[in-house]
Structures are given as C-alpha cells and as structure tokens.
Number of protein chains: 2
Amino acid sequence: MTYQFDEAVFKARLNQDAEFVNRAMDTLLPIDQGPESRLMEAVRYAALMGGKRVRPYLTLHTAALFNVDVKRALRVASAVEMVHCYSLVHDDLPAMDDDDLRRGQPTCHIKFDEATAILAGDALLTRAFEVLSEEGTHQDATIRIDLVKELSKASGAFGMVGGQMLDLVAHEHELDMSEVARLQRMKTGGLINFACVSGAILGKASESALNKLHSYAHDVGLAFQIADDLLDATGDAEQVGKRTGKDAAQGKATFVSLMGVEQAREQAALLRDQAIDQLDIFGDKADPLRDMAHFVVNRVS
Amino acid sequence: MTYQFDEAVFKARLNQDAEFVNRAMDTLLPIDQGPESRLMEAVRYAALMGGKRVRPYLTLHTAALFNVDVKRALRVASAVEMVHCYSLVHDDLPAMDDDDLRRGQPTCHIKFDEATAILAGDALLTRAFEVLSEEGTHQDATIRIDLVKELSKASGAFGMVGGQMLDLVAHEHELDMSEVARLQRMKTGGLINFACVSGAILGKASESALNKLHSYAHDVGLAFQIADDLLDATGDAEQVGKRTGKDAAQGKATFVSLMGVEQAREQAALLRDQAIDQLDIFGDKADPLRDMAHFVVNRVS
C-alpha cells in the first residue's frame, strides 16, 4: 500500500458525492403546496443551499468499506446532513450566534424570518429520524433502530445540543484545554462520529472494525475543529464563506487561543496521521477516508 | 355496559397517572453537572413544570387495552409528552406566539433566555426519539422503529411543525372551515393520534382495533381543539393558565369564529359521543378513554 493524497482526485470525488447527496436530499425533502409551503421552502433552502457535505462523505465511504448498497447509505448520509443543517440554522439565530452569513449566503432567518427558521430546524431534525425509520434505509429493523439510537445520542443534550449550550456559556467559565476538547467532542465530534459509525452499522461491521472507525472519527473530528479554529483565527470571511475572527473578538478559548497557531497546526497534522493509521485494516478501500483526513487539515474554507 | 362519566373518579385517575408520568420523565431527563447544566435545567423546567398530561394518559390507557407492561407504556407516554413540551417551548418564543405565561408559570424563554429555550426544545425532541429507540421501550426492534416512524410523521413538516407554520401564516389566508380543520389535524391532531395508536403499536393490536383507535383519536383531537378555541374565546386567563382572547384579538379564524359559540359547543359534544361509540369493541376496559372524551369537552383549563 503506497497511499498518497491526490487533491484533484479527492475534490472530484467530494463534489461528485455532494451531488449524489443533494439529489437524495432533494427527493427526501419534497416541495409542499399548502399555505404552509414556506416551511418546506426554508427547509430546502437550509438543506440544499450548498456545503461540502463532509459528514455524508464519511457515511458513504465508511459504508463502502462494507459494501453497503449506495441507496441505503445515501439515505443515512442525508439524515446526518439534515441534523447538521438544522444545527446550523438554530445556531445562526439572533438569540444564539446571530450570524447573517453561512456558506456565503444569507442565513435561513435572514432569508425567511426567525419563526420560519426555528420551525425549519425542527422539521429537519424530525425528518432525519423519519428517514432512518423508513424501510428504504435497511430492511432489518434492528439496524434502523440502532441508527436512531446512535443519532439521537450524538445530537441530544449530552451531545451536540449540550455542546452548543456549553459554547454559549463558555465566556462565563474560562475553559481550559480539556474543557475545550470536551466542547468539541459534544458539539461537533458526536455527529462526525455518527457519520463514520453509521456506515459500519449499515454494514453490520465487526466490533474491531467499528472500534477503528470510532478512533478514526475521533481524530478526524478533533483535527476538523482545530482547522476550524485556525480558519477563524487566520482566514478571511470571503474565502471561508462566513464571518471570521469571531473567537478572538469574543475572547473565546479555542484550540488556537490555548496552543497558538503553530502548535495547533502541528497537532492537526498529527491527528491526521493518526487517523490514517487507524484505517490500516481496511486496505486500499479506505483511501477516500484517508483523503478526508488530509482534507480536513488542509482545507481553506 | 352502563357507562357513566364520574368526574371525581376520572380526575383522581388523571392526577395519579400524571404523577407516574412525571416520575418517569424525571428519571428520563436527568440533571446535568457540567457548565452546560443550564440546558437540562431548562429541559426539566419545560417538561416537569406541570400540565394535565392528556397525551400520556391516552397512551397509557390505549396500552392498557392490550395489557401492555406499564413500564413500557410510561416510556412511550413520556416521549409523547416530551414532543408536546418541546412544541410549547418553541411556539411560545418571541419570534412565534410570544407568550410569557404557560400553565400559570413563566414560559421557558422568560425563566431562562431565548437561546436556552430553543436548545431545550431541541433537546426534548431528540430525547423523545432516543427514549423510543432504547430497549426498555420494547424488546422487539420492529415495534420500536414503528413508534419512531409514527412519531416523526406526526410531528414533522407534514404534521405538527407544518401545522404551526400554517398557524403563523393563517392571518395571510382567510382560512375556511376545511382549512381550520386541516390546521387542527396537523398542529394538534397528529400527536394526539400518535398518543392513541402508540398504545396499540406497543400491544401489537389488530388492524380493526387500530382503526377504532384512529377514529377515537380523530374525534377526541377535534373536540379538544374546539374546546381550546372555546376556552380562548370565553375563558379567563387566570383559570385557563395562559393568555386568552388571543384568537379574536388577532382576527384568527377558529372553529368558534366560524361556527359561533353555541354550535361549537354542540359540535364538541357530538364528537365526544362519536368518540365514545368507537370504543364499543373494547368493553369496560376502555372506560378511562370514554372519560377522557368527556373531559376534553367539559374542561375549564
């Protein structure tokens, strides 16, 4: 195995997969005709307005390790992305992070209004669970219920939502490194972890394969957050597609504020290599996942 | 069968069941210790601050028709109530109905703040699905996934959330009777229907029993909404426990504005009798459900 990261090949695959996911989500989130059609317009705006589709990519390529039917993997990938998009819509609200710009576009509550954005988030979250529960996701009910269980754990009060709460109160508690790491695990790590293990759940993977993917997800998730902090600290808004310099302006403890830019870069690179090492047992098939480990560290937006 | 509504007996049972549900929810929504503990405080405030627990009662007593283990029924009843409570928290937000008072207490965003209330709602919704997915709910995964599927359908964009959107835009479209009825079916009917059929799902009820409970839920749900409109039109805030006279002030079409008070009262009574008729096949065992049909029409808060 002489793996090498080829950025052009990876980007083509990432874009191609994003296109597949967008088509799947387009079907799973139908236009509505009633007087309440504004809701599904907002849902579709929030879910289909772009994005790199990193989490769906992780689901698709962990599922591919176990030869899972792509149609099934796309449904789960879509559900993961719906949860991600709902969290962005709610986090961007004026009462939360109050962001006007997301992926270079007006955020959902700017494009529509606050009430519609709140409901669009609620609808996306609910639809994610509905999609997982439907037979198209897998004929085996135990697999579907496992997916529901893991997704709800990852995204609830002791996962993503709790992480967002922690982020909101972070300025009241000067977070140290272990607390910043805990915040990351809750707020973004849980869903990235779900994205990786959902492919394994669909593929009825062995315990040891599942553990490797947990470790990979841990490393990639942490590297992703460090890169995000670096982008906020050193990127410019136009390129990144959202406001930058927010963490420093708010005096927020991040990996970068605690380690400094250089050490954060080194740490991210270390995690990338560690993530790649976790994939040895899967052979060449895991190259798309190795690529992603490179990408999350190198990305400029 | 000489059924007669005994209000004292019913109220004692309703209170007793509410106590059981409160205890179950207290366990299912644990206190958190981290710096983000404010989230679970708000979740618990929203979920445990009172309420008649009408939907849980429906789950418990439809489950009892099929001799379902009470521990299981209480988990499902709790999940239904979590979804109901989340919807109240989000609907009360300033961007939506902007209500300060709920069940005679400050609403969640008044007691805490908007960001916390949004997240508390998100957490409650997510936890509802998690509770359904856990093995304690039923050892059979097909039953658990059926519950997830039905709950997500009832509460998503084409159910409860869509109903709330429709309610928000109702003033832009002068709703006629069939549209007001559609609004009710989506906004409140779906969850009441789920409360009734969830007991039947847990009990692996026959198709015909399930259909009877669907019909019962339809009639009770509609009667409940008409009674709600009557309370808003004719009740006083202190007794009802929330602001009244809102519908008329907003010029909103309701069953009462379209039918008038007298005809609305007659319609509710008719639906009560019809609901009770649906229960014939279940014999005396269904008396608690007959009682509820009386109660939703007679209630003063």
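Two residues are in contact if their C-beta atoms, placed from the backbone, lie within 7 Å. By this criterion, the contact between the two chains of this predicted model takes 43 residues from chain B and 43 residues from chain A. The predictor assigns the complex an ipTM of 0.95 and a pTM of 0.96.

- On the side of chain B that touches chain A, the elements giving two or more residues are helix H2 (37–48), helix H6 (114–133), helix H7 (141–155) and helix H8 (160–169) of chain B.
- H6(B) provides the largest share of that side, with twelve residues.

**Relation between the copies**

- Chain B is superposed on chain A by a rotation of 180 degrees with 0.0 Å of shift along its axis, and the RMSD is 0.0 Å.
- The two copies are therefore related as by a two-fold rotation axis.

**Chain A: confidence, content and dimensions**

- The pLDDT of chain A averages 94, and 97% of the residues score at least 70.
- Chain A contains 15 helices and two strands.
- The C-alpha trace of chain A spans about 55 × 45 × 35 Å along its principal axes.
- For 301 residues, a compact globule would have a radius of gyration near 19 Å, and the 18 Å of chain A agrees with this.

**Packing of H1(A) and H4(A)**

- Two packed helices are described by the angle between their axes and the distance between the axes.
- Helix H1 (residues 7–28) and helix H4 (residues 70–92), both of chain A, pack at an angle of about 80 degrees, and their axes are 9 Å apart.
- H1(A) is thus roughly perpendicular to H4(A), because angles of 65 to 115 degrees count as roughly perpendicular.
- On the H1(A) side, the contact is made by Phe20(A), Val21(A), Ala24(A), Met25(A) and Leu28(A).
- On the H4(A) side, the contact is made by Leu74(A), Arg75(A), Ala77(A), Ser78(A) and Glu81(A).
- The residues of the contact of H1(A) with H4(A) comprise seven nonpolar, one polar and two charged.

Note on methods:
Residues numbered from 1 in each chain as written. Chains lettered and ligands numbered in written order. Predicted model: local features only at pLDDT ≥ 70, side-chain atom pairs only at ≥ 80, totals over all residues. Axes fitted to C-alpha atoms, helices over the stretch in contact; angles between N-to-C directions. Helix = DSSP H or I, 4+ residues; strand = E, 2+ residues; numbered from the N terminus. Parallel < 35°, antiparallel > 145°, perpendicular 65-115°, else oblique. Nonpolar A, V, L, I, M, F, W, Y, C, P; charged D, E, K, R; others polar. pLDDT = per-residue confidence, 0-100. Least-squares fit on C-alpha atoms with pLDDT ≥ 70 in both. Rg over C-alpha atoms; globule rule 2.2 N^0.38 Å.
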